[in-house]
Amino acid sequence: MAQIPGMIKGLAVTFNTMMRTFKNGSNTVQYPHEKEAPPIRARGVIALHEDNCTSCMLCSRSCPDWCIYIEAHKELAPPRREGGKPRAVNKLDRFDIDYALCMYCGICVEVCPFDALFWSPEYEYSEPSIADLLHDKSKLGEWMETVPAAPELEAGAEKKKK
Amino acid sequence: MMSVLAIEVPYWGQSLLRVLGGLVAVLLPAGTIVYVFLFKMMSFMQSRLGPMEAGPYGSMQLFAEVGKWLQKEDIQPDNADKRIFRMAPIVVLMSTFLLVAVVPFGPDAWFTNFETGVFYALAVSSISVLGILMAGWSSANKYSLLGGLRAAGQLIAYELPMVLAVVGVVIQAGTMNLQQIVLAQNAGSIFGSDIVGNPYVLTQFVGFVVFMIAVQAELTQAPFDMPIAESELVSGYMTEYSGFRFLIFFIGEFATAGVFAMIASTLFLGGWGIPFSWFGWTDMDSVANWMNVAGPLIVFTKMMVLVFLIMWIRFSSPRFREDQLQRFAWKVLIPVSLANIMVTAVLKVAF
C-alpha cells in the first residue's frame, strides 16, 4: 500500500515525458541526418604535431594499451649558433596510434612534454576494416587541422613559464 | 447458414472466414501494439523518437525486424531436447490463437459462441505456461530452466486471482457466455440510468483492477518480468532461442497482450457493444447489422486503451523480487478478489 503513491508518481513521470516529447521533440537527434557539435574539449581523436615530437617515447611507454608505435632515427641538424657543433635531432620514421586498441584515457596527451599530441573533438572515423583504425603519422597530422584553439585562460591565471 | 452483413455464407466459407479472421485478430493487434507501444510510446517516454528510417515515421520497422529474424541462423543447443525445443514456441502461440476464438466482435461476428466462453478462455490461457515450461526445460540451460520455473510459479500464482476476478463478472451477468456478458453490459442500466449501459468496470472495479494486474503478470510484462529478467537470467526461457523461433515467442508475447486486452474489454468495458439505449436496441436481435463492422473497431479501440495501460505500467515500473511477487499474489490479490466475489454475490441477491 505504501508503494502506491510512488508508483503513481513514476507513471506521471513517464507520461509527462511522453507528452513533452510529443510537443517539443526528443532530446536525441537523428544522427546521420543531423549532428550534435561535441564540446571543444571532447575526446574524439588524438592529433599529432609532428614537428614538436622528439620521439622521447614517453607517450608510448605510458600508454596503458600499448597502442602507440614509434620508430625514429638520429639526424644531424645545422647548429643553433655560428661555428657550433651540428645538433643531433630525432627524426620520426613512424608514429602510429591504433584506435582499435586506444581507450581514450588521454595519458599520452598529458604526458607529452613538448606539446606534440592534442585532443580533437572529431569522432567520425569508423572503418569497415579494423586494420584501417591504425592511423599513421600523416593521418594523425591531418587531425591537427580539427584541433580547436585552446580556450582563453581565466582572468588572473598564472601564465605558463617558458 | 449464418448471415454476415445480410449475405448468406456456406459452412466452408464460414470456416475459411474464421481462420482468416483469427489470423487478422491475432496478428494485426500484435503488430499495432509492437509499433505503437513498444517502438513509439516507449521511445517517447524516454525522450527519443524510436525507429524513424523504415517507412514514414518508421512504420515499416516491424517488417524489417521480421525480415532480420527470418534471416538469422536457427540455433539449437547440442544437449537440447530438440523436438520439445521446436514445439515450445508453437505451443505458446497456439494458446493465443485458441484464446481469440471466444472473443465476440459483433452481434454475428464471432468465431465460436461458447456457452462457457469465460471458462474456456481461462482454461486455454494457461496452455502458454506449458509452452514456457517446455522451452525452459528443453533448452538444456540453467538460466532457461530457472526462467521457465519462475514463469510457471508466477503464472500459476496469478491465474488464480484472474479466475476469481472474473467470477465477479460472471455472477453479475449470470452467464459465462461472453456474448451474453456483452449484452448484459450494454443493455443493462446502472442506478436506473442506461446512458452508458452498465459496463462492469464501474460495478466490478475491484475485479477489473485485480484482473488487469493478473494480466500484467500473465504476460510477464514489467514489473512482473522475472521469468525473462534479462539482467539476471539472460532472458530466461528464451535464452537459447534465435531466429524465427524467437520471433514466434515475440509475436506470442504481444499477440497475447492484445487478446487478453480484448477479453478484458469484453468482460469489463462492454466489448464490441455501444450502450444499446443510444440506438433504442433492447436485445441481441434488434442490434443493427452494421455493428458487425463497427464492433471489431470498437473492440480494437478498447483493446488499445487497455494495452496502453499495460504498456504504460510496463515502461514505468522496476521489477519485483520473486518473493514479493508471490506474496503479492497470494496475500493481496487472492483475498481481495475473494472479498469481491462475496460482496458481488450478496449485492446480486439483495438487488
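Author: This is a predicted model. To read a meeting of chains, one counts the residues on each side, and here twelve residues of chain B are in contact with twelve residues of chain A.

Reader: Which elements give two or more residues to the side of chain B that touches chain A?

Author: They are helix 1 (11-45) and helix 12 (291-316) of chain B. Helix 12 of chain B supplies the largest share, four residues.

Reader: How do the residues on that side of chain B divide by class?

Author: Eight are nonpolar, three are polar and one is charged.

Reader: Let us turn to the chain as a whole. How many helices and strands does chain B have?

Author: Chain B has 13 helices and two strands. Its C-alpha trace spans about 60 × 50 × 45 Å along the principal axes.

Reader: What does the radius of gyration say about chain B?

Author: The idea is to compare the value with that of a compact globule. For 351 residues such a globule would have a radius of gyration near 20 Å, and the 21 Å of chain B agrees with this. Burial is a further reading: 48% of the 351 residues in chain B are buried. Of the contacts in chain B between residues at least 6 apart in sequence, 81% join residues at least 24 apart.

Reader: Is helix 11 of chain B enclosed by the rest of the structure or exposed?

Author: Helix 11 of chain B is largely enclosed by the rest of the structure, because 22 of its 26 residues are buried. After this helix comes B:Gly270, whose phi is positive, near 90 degrees.

Reader: At what angle do helix 9 and helix 11 of chain B pack?

Author: Helix 9 (residues 205-218) and helix 11 (residues 243-268) of chain B pack at about 170 degrees, with axes 11 Å apart. Angles over 145 degrees count as roughly antiparallel, so helix 9 of chain B is roughly antiparallel to helix 11 of chain B.

Reader: Which residues make the contact between these helices?

Author: Helix 9 of chain B contributes B:Phe208, B:Phe211, B:Met212, B:Val215 and B:Glu218, while helix 11 of chain B contributes B:Phe260, B:Ala264 and B:Phe268. By class, seven of the contact residues are nonpolar, none is polar and one is charged.

Note on methods:
Residues numbered from 1 in each chain as written. Chains lettered and ligands numbered in written order. Predicted model: local features only at pLDDT ≥ 70, side-chain atom pairs only at ≥ 80, totals over all residues. Axes fitted to C-alpha atoms, helices over the stretch in contact; angles between N-to-C directions. Parallel < 35°, antiparallel > 145°, perpendicular 65-115°, else oblique. Contact = placed C-beta atoms within 7 Å. Nonpolar A, V, L, I, M, F, W, Y, C, P; charged D, E, K, R; others polar. Rg over C-alpha atoms; globule rule 2.2 N^0.38 Å. Buried ≥ 20, exposed ≤ 12 C-beta atoms within 10 Å, placed from the backbone.
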